[in-house]
Amino acid sequence: MRPFDARRVLIGVAGGIAAYKTVELARRLRQKGAEVQIILTENGARFVGPTTFEAVTARPVRQSMWEKNALDHIALGAWADAIVVAPATANLLAKLANGLANDMLSSTLLAAPRRSILAPAMNTRMYEHPATQRNLERLREDGHVIVGPAYGELAEGEEGWGRMVEPEMLLAHVGRALEWKTRWRDKKVVVTAGPTWEPVDTVRFLGNRSSGRMGQAIAAAAWRRGADVVLINGPGHAATPPELDNVHLVESTEQMAEAVNESAADADAIFMVAAVADYRPARPEDRKIRRSEGLTSIEVEPTADVMAAAAKRARAECVKVAFAVESGEDAVESAKRKLREKGAHLVALNDPSQPGAAFDVDTNRVSIIDAQGGVEELPLLLKTEVADELLDRAEGFLPGD
Ligand SMILES: Cc1cc2nc3c(=O)[nH]c(=O)nc-3n(C[C@H](O)[C@H](O)[C@H](O)COP(=O)(O)O)c2cc1C
């Protein structure tokens, strides 16, 4: 599975309790098709033994420089397409920041031609100590990517900064390291996702079944390709990807339009994936309407056209991709009309009446329509795969460097 298939990932495991989470990271990477090589420090092996890692990676774990091939501490760093150290102990960080190389892991990291993803995990006081902070600063300057630590419960029953981030987050960062050099790198990509809710009264709303997964898959794939992603997410139930650090949570179409307008002006690409409500109650009540009132109809009015407003605000060279949800005989014609009216480069058409397509499922079946009237029907794919297919096609519209 892109971008992990047949890629080589080196994982360093140092001596911290969070080493148990690294087993899951290695397992997930293997599941996605990567080759995973573990280097375990002597102290790391006190927390999780090599047998567990060997079972999930199907490769011998390296622990010492004085076993097997004599020059592996030079060879392994060059072998790897991506390197991650999880957990990165205070001790490991201090060693790497100062160029120490007195065991297999630190020697390999020093000899590696690429920088690492480092996932610090330690007691809060160890983390907040000026020495650790100094080391982290220096490692950042050296080009390493520091991920975390997170805030939360620590092994000693304390609470604070020091927890290793979850495997999901590291998986995303490894993906980004594997796809770093793409044309999306440093491009500003704005993505809308999920439904919008329009209040009827203080407890009811008009909404739709969008979960947010399709838009989130596009946002995550663009981030993985190196883009600067702004995700504007409506109240769908899918959790936003943890690696995205610029997420605006909105509820109504008006709020979504406002957030899009704020970020559209300097965007390089806009993906309008949200299922925006077309109508909203004309006079929402600021109290709960009682059953005894005998309400029989709700008057509605059109909502703001988020996509048209964004298209107007965006620069001429901004790539615009819209989603259309249409069913019936004239679905393609209607999507083509949408493309013309909104000034989009591409429209992805999905039909919720087809099995496995559109709302609230992990898969989607889309047809991609371009400005020349071309229609490309993609097969039933995971939403993450649809995201990559769309980004591949949208990339062709990015201005050349
Ligand atoms: C029970 C226990 C838990 C530990 N957890 C951590 C930890 O989470 N983070 C850390 O930096 N050090 C932790 N340490 C201390 C490291 O194991 C120690 O600094 C060791 O020298 C690290 O070696 P390494 O970096 O070569 O793996 C722990 C020690 C013990 C005994």
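Residues are numbered from 1 along each chain as its sequence is written. Because the model is predicted, local features need pLDDT of at least 70 and side-chain atom pairs count only at pLDDT 80 or more, while totals for chains, interfaces and linings use all residues.

The chain holds 13 helices and 21 strands. Helices (H or I, at least four residues) and strands (E, at least two) are DSSP runs, numbered from the N terminus. The C-alpha atoms fill a box of roughly 75 × 50 × 35 Å, taken along the principal axes. Of the 401 residues, 43% are buried. A buried residue has 20 or more other C-beta atoms within 10 Å of its own, with C-beta atoms placed from the backbone. Two residues are in contact if their C-beta atoms, placed from the backbone, lie within 7 Å. Among contacts between residues at least 6 apart in sequence, 69% join residues at least 24 apart.

The chain is divided into domain 1 (8-178) and domain 2 (188-395). These bounds come from an automatic or database domain assignment. The C-alpha centres of the two domains lie 38 Å apart. Contacts link 7 residues of domain 1 with 7 residues of domain 2. The domain 1 side comprises 2 nonpolar, 2 polar and 3 charged residues. Here Ala, Val, Leu, Ile, Met, Phe, Trp, Tyr, Cys and Pro count as nonpolar, Asp, Glu, Lys and Arg as charged, and the others, Gly among them, as polar.

Helix α8 (residues 167-178) packs against helix α9 (residues 213-224) at an angle of about 50 degrees, with axes 8 Å apart. Axes are lines fitted to C-alpha atoms, for helices over the stretch in contact, and angles run from 0 to 180 degrees between N-to-C directions. The pair is therefore oblique. Angles under 35 degrees count as roughly parallel, over 145 as roughly antiparallel, 65 to 115 as roughly perpendicular and the rest as oblique. Ala 172, Gly 175 and Arg 176 of α8 meet Ala 220, Trp 223 and Arg 224 of α9.

The ligand is surrounded by 16 residues, and the closest are Ala 14, Gly 15, Gly 16, Thr 89 and Met 122. A residue is near a molecule if its C-beta atom, placed from the backbone, lies within 6 Å of it. The shell has 9 nonpolar, 7 polar and no charged residues. Helix α4 (residues 90-98) gives the largest share, 3 residues.

Ala 267 sits in the loop between α10 (253-264) and β13 (269-272). Ala 267 is buried, with 23 other C-beta atoms within 10 Å. Its contacts beyond four places in sequence are Lys 188, Val 189, Val 190, Ala 314 and Cys 318.

Methods. A residue is buried if 20 or more other C-beta atoms lie within 10 Å of its own, exposed if 12 or fewer, and partly exposed in between; C-beta atoms are placed from the backbone.
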